[in-house]
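Please open the structure in your viewer and keep the selection tool at hand. The tour below moves from one selection to the next and says what is to be found at each stop.

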Amino acid sequence: MEFLRKKRIVQTFYLFLILLIPIMAKLIDVQIYHGSEYAHKALEQRSIKVVLEDIPRGDILDRNLKSLTGSGLQNKIVVFPTIMDNPQQVADQLAAVLKVSASEVLKEFANGSGILPYNPNIEQISTITAQQWDGVMVLPVQYRYQREPMAAHLIGHLGSIPSQEVLEQLAVETNKSYQLGDLIGKMGLEKYYETELKSTKPERLIRTFTDAAGTMLAGMGMKLEINQPDPGRQHLVTTIDYNIQSTVEKVMDKHIQQGAVVVMDVNTGDVVAMASRPNYNPANVSNVLATASADTFIDHCTSLYQPGSIFKLVVAAAALEEGIVSLDSTFVCLGEHAELVNCWHHSGHGPITFDQAFAQSCNPVFAELALKLGPEKIIEYAKKLGLDKQIIIGYPIPPDRRQNLKLIAEPYNLVNSSIGQGPVLATPMQLTAMMNCIVNDGAYIPPRVVIGLQQTDGTITKRFAPGNSHRAISPQTVVQIKQLLTLVVKDGVGKKAAIADIGSAGKTGSAEVAGQQQVNAWFCGYAPVNNPRYVVTVLVEHGESGGETAAPVFKEIMEKTLAPASVD
């Protein structure tokens with residue numbers, strides 16, 4: 001009997017133990033694994049908060065960690081109407097300070113706790129602070145577009161979640177919480193890095209604690225929570241240099257209504273500036289959409305164009321590398337009477353050496369060379385020089401399938417292709433990387449736009465290493481091409497790109513556009529000539545010629561970029 005009794009006790013113990021296991025597991029889950037989450041939810045339920053960020057989201061930074069979106073702090077008036085003793089009186093007095101109507105202020109109070117849509121000056125801030133009204137204070141608020149953004153087409157813009165379907169898709173793709181109406185990336189880096197940039201909690205807010213009735217708890221006051229790291233939000237660090245980008249933007253605003261500029265660091269292949277026109281401000285996208293042209297949101301830096309005579313660099317590299325031509329080889333240019341293709345110099349250059357033909361951008365000479373090389377060789381060298389590569393490290397734009405170098409080999413295409421017309425297409429980014437290959441003695445370096453991702457505390461979460469270079473053409477051929485590029489600026493059609501003292505080199509291009517008298521004007525080059533630091537590509541749509549329209553823009557950008565740095 002005693003044995004059976006003890007057995008029942010043991011069985012009962014184990015039964016209780018088995019029943020307690022799920023409860024213990026749940027307690028462990030609540031206390032250890034989700035303790036902070038539930039504590040945060042409890043805090044949210046017993047407090048009123050105002051987020052001191054207009055768009056809680058990771059920033060997009062230049063290579064020196066300066067904001068490209070224009071992010072910065074701005075003093076704003078923060079109100080908690082529920083804790084005011086007399087909201088009407090506060091509204092009257094506050095309206096008098098701000099020089100607005102009291103009814104307008106009361107209307108804002110009716111929206112609940114938040115940030116008033118006014119920009120108080122220093123005197124008004126001092127007056128409001130001195131009054132010490134309950135539920136009113138002036139605090140710095142983080143604004144994403146506090147200053148005008150840089151590199152708008154690269155950064156992209158934000159827009160509201162348009163539908164429940166998109167909302168559900170985002171939740172699955174990002175594993176983050178969204179609500180209808182939240183702002184998400186629609187274009188550019190904002191779109192491609194939505195998952196990483198999206199915040200999970202504010203990093204700046206002010207909170208007041210309340211009871212179940214919503215009344216502020218005595219003695220608790222206000223709690224300002226700033227510099228609270230958001231582990232779910234990351235900041236994108238780009239290769240862009242804010243100062244160089246600013247220079248490019250200002251020069252383009254003066255000279256280019258439609259086109260693109262790309263600036264590359266010759267040592268790394270990093271893109272330190274890229275800008276497109278027409279431009280827009282990501283802070284006012286809704287206004288732009290109503291009035292802008294179709295080209296406004298196109299990133300012309302990564303769009304395909306006929307490169308015109310810049311493509312002659314490919315033909316020259318192939319002909320020199322294959323031993324078909326030397327710098328002093330002689331040709332005859334008959335101008336508009338040439339058999340294969342007309343020369344821009346209608347009366348013709350007459351007898352002309354190859355180096356002068358390159359400097360003067362003589363079309364018939366390159367058509368003749370193309371026939372000697374054949375399309376397969378031209379395609380081969382175009383690929384070696386990166387004109388089939390649209391990949392940009394850290395910038396995952398979809399490839400444009402219209403770029404097809406094989407079309408050069410199609411019937412009747414070879415001659416037009418030799419001068420960068422017909423089926424030949426390239427982006428300003430690709431031409432910049434091609435010229436950088438020449439600067440680097442024939443080693444092609446893939447362009448890079450993003451360095452990595454990091455958290456607010458500086459912790460690096462992901463790095464994008466520079467791409468592996470490959471040998472495209474021999475150093476011996478590069479020496480000759482550099483002589484040709486220098487001659488273009490010294491004695492040829494690119495004289496307006498000449499930079500005093502330090503020198504420059506490059507190639508012009510004037511690509512005809514069907515149905516237009518004006519051309520897409522190009523200049524792609526580098527400086528200083530003996531110790532290059534940057535490659536700059538300029539595209540001006542609807543220009544006169546590469547030498548007349550694009551070359552002076554190249555010169556101005558390069559001179560200002562290479563000038564001693566000024567204090568920002």
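Predicted model: local features only at pLDDT ≥ 70, side-chain atom pairs only at ≥ 80, totals over all residues.

Which residues of helix α15 (residues 375-384) are buried? Select the helix and pick out Ile378, Ile379, Tyr381 and Ala382, which are its buried residues, where buried means under 20% relative accessible area, exposed over 50% and partly exposed in between, with a 1.4 Å probe and protein chains only.

Residues are numbered from 1 along each chain as its sequence is written, and side-chain values use heavy atoms, with hydrogens and water left out.

Just after α15, look for Gly386, which takes a positive phi of about 85°.

Next, select Thr477, which is found in helix α18 and counts as buried at 4% relative accessibility. Leaving aside residues up to four places away in sequence, Thr477 touches Ala317, Leu320 and Glu321. With the side chain of Glu321, the side chain of Thr477 makes a polar contact of 2.3 Å, a term for a pair of N or O atoms within 3.5 Å in which, within protein, one must be able to donate a hydrogen and the other to accept it, residues adjacent in sequence counting only if both atoms are side-chain atoms.

In the same helix α18 (residues 475-490) select Lys482, whose side chain meets that of Asp441 in a salt bridge (3.1 Å, N to O); a salt bridge is a side-chain nitrogen of Lys or Arg within 4 Å of a carboxyl oxygen of Asp or Glu. Asp441 lies in the loop between α17 (428-439) and β15 (443-444), 41 residues apart from Lys482. Lys482 is partly exposed, with a relative accessible area of 23%, and Asp441 is partly exposed as well, at 39%.

The structure holds 23 salt bridges, and another place to look is Arg233, which is buried with a relative accessible area of 1%. Glu53 forms a salt bridge with Arg233, the closest N and O atoms being 2.7 Å apart. Because Glu53 lies in the loop between β1 (47-51) and β2 (60-61), and Arg233 in the loop between β9 (222-226) and β10 (235-238), the pair ties together parts that are 180 residues apart in sequence. Glu203 also forms a salt bridge with Arg233, here with the closest N and O atoms 3.9 Å apart.

Finally, turn to the open sheet of four strands, whose order is β2-β10-β16-β17 and whose pairing is mixed; two strands pair if DSSP finds at least two bridges between them. The edge strands are β2 and β17 (460-463), each pairing on one side only. Between β10 and β16 (residues 450-454), which run antiparallel, there are four bridges, and Val237 stands opposite Gly452 in β16.

Note on methods: Helix = DSSP H or I, 4+ residues; strand = E, 2+ residues; numbered from the N terminus. Contact = heavy atoms within 4.5 Å.
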